[in-house]
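Reader: I am new to this structure. Could you walk me through how to read it?

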2 protein chains.
Amino acid sequence: MAEQVCHKADILAIHDAMDVLNGKWKISILSSMCYYERRRFSDLSNDMVGISNKQLSKELKELEQNKLIKRTVLATQPVTVQYSLTDYGWTLQGIIHDLAKWGSSHRRVIMG
Amino acid sequence: MAEQVCHKADILAIHDAMDVLNGKWKISILSSMCYYERRRFSDLSNDMVGISNKQLSKELKELEQNKLIKRTVLATQPVTVQYSLTDYGWTLQGIIHDLAKWGSSHRRVIMG
């Protein structure tokens with residue numbers, strides 16, 4: 001029974017993580033900022049094949065609300081908006097790299 | 001430009017991974033089998049707070065189609081159906097543990 005309680009907490013923790021990272025886009029978006037450090041909206045839109053601008057805006061807003069990314073407005077003409085990971089967002093770096101590795105081996109598995 | 005091509009592949013790989021693992025339930029379901037090894041439908045239903053039976057069936061079917069879990073029918077009276085990770089599903093173990101760690105620290109961040 002003690003073992004059961006212990007695993008419940010682990011499963012709950014994963015549920016909490018996936019509550020923030022859910023959907024097929026969020027981790028991809030975070031990964032783009034992880035690989036390139038600073039990213040404009042148009043860069044992200046190019047990185048995510050198949051995402052609409054509306055969906056991308058929504059995902060960025062949610063990631064910002066969860067303090068995983070920050071939005072910086074540069075005083076250029078016209079203004080430039082850059083997105084980057086917060087220190088907190090960087091705590092996902094290891095998971096992002098592992099998922100990229102797993103995803104690329106998964107591609108090989110499903111391709112043949 | 002070479003750098004751009006390289007990261008595109010990483011981001012695509014993450015997208016491929018999240019295509020299989022998307023939704024807030026799949027990784028939690030996999031984690032339950034990872035922690036307990038064998039799990040009945042009713043066990044999983046207890047582990048996932050808030051999931052409906054219909055949703056759980058759907059998620060299990062998709063995970064089975066993607067060869068991450070296997071379904072074993074035992075010849076008991078009445079029959080027992082057990083779910084467990086395939087060897088391929090076990091390749092996600094490291095990511096599952098890291099997500100549990102991240103999720104439990106995330107809970108502390110949002111709670112305080």
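Author: Gladly, let us begin with a salt bridge, meaning a side-chain nitrogen of Lys or Arg within 4 Å of a carboxyl oxygen of Asp or Glu. Here the side chains of B:Lys26 and B:Glu62 form one, at 2.7 Å from N to O. B:Lys26 lies in helix H2 (residues 26-36) of chain B and B:Glu62 in helix H4 (residues 53-65) of chain B, so the pair ties together parts 36 residues apart in sequence. Helices (H or I, at least four residues) and strands (E, at least two) are DSSP runs, numbered from the N terminus.

Author: A word on the source: this is a predicted model, in which local features need pLDDT of at least 70 and side-chain atom pairs count only at pLDDT 80 or more, while totals for chains, interfaces and linings use all residues. Residues are numbered from 1 along each chain as its sequence is written, chains are lettered from A and ligands numbered from 1 in the order in which they are written, and side-chain values use heavy atoms, leaving out hydrogens and water.

Reader: Is B:Lys26 buried or exposed?

Author: Buried means under 20% relative accessible area, exposed over 50%, and partly exposed in between (1.4 Å probe, protein chains only). B:Lys26 is buried, at 4%, whereas B:Glu62 is partly exposed, at 25%.

Reader: Which residues are linked with A:Lys26 in a network of salt bridges?

Author: A:Lys58, A:Glu59 and A:Glu62 are in that network with A:Lys26. A:Lys26 and A:Glu62 have their closest N and O atoms 2.7 Å apart.

Reader: How many salt bridges are there over all chains?

Author: The whole structure has 16.
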